[in-house]
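Have the structure open as you read.

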Amino acid sequence: NRSSNLLRSIMKKILAKYSIVIVLLLMAFLLQWKYINEFPSHIHAWAQSDRYALALGYNRNEFDFFQPETYVMNHQFPGSLQYANKSTITAVDFPIHDYMAALLMNLFGSTAPWVFRLYILVYSLIGLFFLYKTCDLLVKDKIIPFLVVIFAATSRVFVYYQAGFLPSIPSVANALIAIYFYVKYLQTQSRKSFCWSIFFLTLAALSRLPFSILLLAIIIYEAFQVLIHRKLSILKWATLIISLLCVGLYFLYNHHLQKKYGSIFLNYALPPKNFHEFKVILKVIWIKWIYQYFTKVHYVVFIILTGAALVLLLFRRNAILPVHKQMLGLFILFLAGNAAYSVMMIQQFPAHDYYFLDTFYVPSILFLVILVSILSGANNLLRYSTLLLLFLACIFVLPRAVRSQEKRRLTGNWD
């Protein structure tokens, strides 16, 4: 009896401590394992093949990080694929993830797609783990953080690229890690947490430039705090300046590569020509991608939670805590920056669903965390209602995510 009780006690502790890891691994197996060694194909096979080629290029050039190359000699930017170069070197945003995939290929002795895909998948799971930890910091419930992770991880576009080749997923993960440390900093004023936040945010911005918008949002927010409190932290601002320098210096080096070798990756803005074109493109995005970004169930949940939070705050203004106000301020700055960036790149959105991951995905999840944090902390009725709503939503969206993986791989004579 003592042995069985001890064993049960140990099992309970293991489940309590590692239950989120178990949930994430089960979801990864359910959604990704079937496709883990699939060659870049189907939607955006071109873009994914370019990233796969970068990893193979590092295996060819003895891992020279600052000379990224593929197999393309007639670079598209500039040149429009008309002129062949002597070199396959290309300009590209900080290719740390392609480089890490190349190192793993060398370690495992295989250049098969599963190595790259598994690296991106594991990185995504780490990001989701930190999303759980962020919820755990803010939400007065043990189950809601699990449901938030499942809800966030069943976006169809996220699921499709979660074990792919694009750097958007690791940058999303790095942004989620950065948000966790920044929330921890807001709660504890720990300078160490602030530095870790900026470190991961710098990694996110280096490999996918749109994530520098979150970095700029934090800089603007912190500048407001200096003006309000008349207090300047040398360490914090030194960290922010170093981060900006890292992003800026690699941007300049990338421009040098582009001028010298050309690039197979887009490196300029594509805004609408006029307001009419802007409206037409928005309509195309709505028809083509709106239910690939999130399902109808996701949108309904967002609407219900937002409405409930607004009604709550109308009658109980003290329901919003200082940390909620700080996060809402950051969210508004982040959202505004991404909206401006989206207008500048609007012509890319109709053909590239993954631009949503670079822009509105992380702000949407951040807003969800803020909503459930406010509602679950108000009273038990709202806490259990939020839990029930998320639980029912997860029951519906998880099988839809599985089916979306199959639908995105349907093909025909047009492929």
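H44 sits in the loop between helix 1 (2-32) and helix 2 (45-60); helices here are DSSP runs of H or I with at least four residues, numbered from the N terminus. Keep in mind that this is a predicted model, where local features need pLDDT of at least 70, side-chain atom pairs count only at pLDDT 80 or more, and totals for chains, interfaces and linings use all residues. Residues are numbered from 1 along each chain as its sequence is written, and side-chain values use heavy atoms, leaving out hydrogens and water.

Most residues other than glycine have a negative phi. H44 has a positive one, and so does E62, which lies in the loop between helix 2 and helix 3 (96-108). Buried means under 20% relative accessible area, exposed over 50%, and partly exposed in between (1.4 Å probe, protein chains only).

| Residue | Phi | Relative accessibility |
|---|---|---|
| H44 | near 55° | 16%, buried |
| E62 | about 60° | 72%, exposed |

Now for the core. The largest nonpolar core has 128 residues, and L357 is among those with the most contacts inside it. Such a core is a set of buried Ala, Val, Leu, Ile, Met, Phe, Trp, Tyr and Cys residues joined through side-chain atoms within 4.5 Å. Helix 7 (residues 168-188) gives the most to this core, with 14 residues. Leaving aside residues up to four places away in sequence, L357 touches V157, F158, Y161, S168, I169, V172 and F211, with contact meaning heavy atoms within 4.5 Å.

Finally, H256 is found in helix 10 (residues 234-261) and is partly exposed, at 40% relative accessible area. H256 and K34 are 222 residues apart in sequence and 41 Å apart in space, C-alpha to C-alpha.

Definitions and conventions
Helices (H or I, at least four residues) and strands (E, at least two) are DSSP runs, numbered from the N terminus.
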